[in-house]
Amino acid sequence: MAQIGMALYVGLTVSLVFVTILHQSSADFVSTPVPPPSTPPPQEGPGIPAQGQYRAKNENGTVCLKANMALQINISFNSAENKTVQNIVNLNPNETSSSGSCGKESATLILKSGLKTELTFTFTLNTTSNKYYLNGVSILAIWADMKESFSAHNDSLDYLQGSLGFSYMCRSEQTLKVSSDFSLNTYLLHVQPFGLTGDSFGSVLECMLDEDDLIIPIVVGAALAGLVLIVLLAYLIGRKRSHVGYQTI
Ligand SMILES: *[C@@H]1O[C@H](CO)[C@@H](O)[C@H](O)[C@H]1NC(C)=O
Ligand SMILES: *[C@@H]1O[C@H](CO)[C@@H](O)[C@H](O)[C@H]1NC(C)=O
Ligand SMILES: *[C@@H]1O[C@H](CO)[C@@H](O)[C@H](O)[C@H]1NC(C)=O
């Protein structure tokens, strides 16, 4: 009896500690900006970019598209020396301005970084399914070491799929391949191109990459819950037995 009580005590303590830890990490998970999980900083290159808060507004001045994201541009271009150069550049939010426009079925975000880089994102809303997605990305880059300005675009993409009224979140690194010589790496991304209520994001739809990061704590949690259940069952069975024992005496 005392042993079962002890076992129960230990089991409950362990699970309480665990639940506290899990709660802590789920709290971290909800409140952004922390570095993305399981993405060690790259050995070379510019490191993880900083998150910018980009907006597009309607004619009447209300915010109609919100995009909080950290962006890294990966392009390959011809250098002034006529060599093919692979260049990875972080977009600096402090030097980047955002603008754009929103229609019923299409919304556009334009990011301009100095006079050197311009990125355009086009989102489409399917008014039948009420699903939106990023269908187009284009870039114009005029960088010092280029032979000539670099431009690329693709209007048949299918990234960042969300539902009307919801925001799309992907904290993990995600690569959006646009063309053979241009891709975007995104981090700490939270966007909503349609159906904003006021200036606030709608409920979050989390990307698959982020959900994968949650699987380990869930598995460990389930295992511990099972353990607690077994201890509890053992305790209840033991109690029942000892009751039966008293009755026969
Ligand atoms: C940049 O793009 C090239 C070609 O697609 C790819 O091999 C490389 O891994 C990318 N680098 C980063 C840091 O994304
Ligand atoms: C919109 O979604 C519906 C239902 O999923 C689909 O049948 C239709 O082809 C989509 N329309 C466009 C323009 O993509
Ligand atoms: C545009 O993106 C689609 C889908 O990822 C891809 O199949 C296509 O090759 C891309 N087009 C160009 C010009 O890179």
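Leu 160 is found in strand E9 (residues 159-163). Strands (E, at least two residues) and helices (H or I, at least four) are DSSP runs, numbered from the N terminus. This is a predicted model, in which local features need pLDDT of at least 70, side-chain atom pairs count only at pLDDT 80 or more, and totals for chains, interfaces and linings use all residues. Residues are numbered from 1 along each chain as its sequence is written, chains are lettered from A and ligands numbered from 1 in the order in which they are written, and side-chain values use heavy atoms, with hydrogens and water left out.

**Leu 160**

- The phi of Leu 160 is near 50°, a positive value in a residue other than glycine.
- Most residues other than glycine have a negative phi.
- Leu 160 is buried, at a relative accessible area of 5%.
- Buried means under 20% relative accessible area, exposed means over 50%, and partly exposed lies in between (1.4 Å probe, protein chains only).

**The chain as a whole**

- The chain holds two helices and 13 strands.
- It has 249 residues, and 37% of them count as buried.
- Its accessible surface comes to about 14500 Å². Carbon and sulfur atoms hold 59% of that surface.
- Accessible areas come from the Shrake-Rupley method with a 1.4 Å probe; for residues, only the protein chains shown count as cover.
- Among contacts with a separation of 6 or more, 56% join residues 24 or more positions apart. A contact means heavy atoms within 4.5 Å.

- Strand E1 covers residues 51-57, and strand E2 covers residues 63-78.
- The two strands run antiparallel and are joined by seven bridges. Two strands pair if DSSP finds at least two bridges between them.
- Lys 57 stands opposite Val 63 in E2.
- E1 and E2 form a hairpin with five residues between them.
- Gly 61 sits in that turn and has a positive phi of about 90°.

- Asn 74 has Ile 88 as its bridge partner in E3.
- E2 and E3 form a hairpin with five residues between them.
- Asn 82 lies in the loop between E2 and strand E3 (84-90).
- The phi of Asn 82 is near 65°, a positive value in a residue other than glycine.
- Lys 83 has its place in the loop between E2 and E3.
- Lys 83 counts as exposed, at 54% relative accessibility.
- Leaving aside neighbours within four places in sequence, Lys 83 is in contact with Phe 77 and Asn 78.
- Met 146 is 63 residues from Lys 83 along the chain, and their C-alpha atoms are separated by 9.6 Å.

**Ligand 1**

- Asn 74, Gln 86, Ile 88 and Asn 185 surround ligand 1. A residue counts here if one of its heavy atoms lies within 4 Å of the ligand.
- The side chain of Asn 74 has an N or O atom 2.3 Å from an oxygen atom of ligand 1.
- For the side chain of Asn 185, the corresponding distance is 2.9 Å.
- For the side chain of Gln 86, it is 3.3 Å.
- The protein covers 45% of the 360 Å² of accessible area that ligand 1 has on its own.
- The shell divides into one nonpolar residue, three polar and no charged.
- Ala, Val, Leu, Ile, Met, Phe, Trp, Tyr, Cys and Pro count as nonpolar, Asp, Glu, Lys and Arg as charged, and the others, Gly among them, as polar.

**Ligand 3**

- Ligand 3 is surrounded by Asn 154, Ser 156, Leu 157, Val 178 and Ser 179.
- A polar side-chain atom of Asn 154 lies 2.3 Å from an oxygen atom of ligand 3.
- On its own, ligand 3 has 360 Å² of accessible area, and the protein covers 39% of it.
- Its shell has two nonpolar residues, three polar and no charged.

**His 190**

- His 190 is placed in strand E12 (residues 182-192).
- His 190 is buried, with a relative accessible area of 13%.
- Its side chain makes a polar contact with the side chain of Ser 167 at 2.8 Å.
- A polar contact is a pair of N or O atoms within 3.5 Å; within protein, one must be able to donate a hydrogen and the other to accept it, and residues adjacent in sequence count only if both atoms are side-chain atoms.
- Beyond neighbours within four places in sequence, the contacts of His 190 include Lys 66, Ala 67, Asn 68, Tyr 168 and Phe 201.
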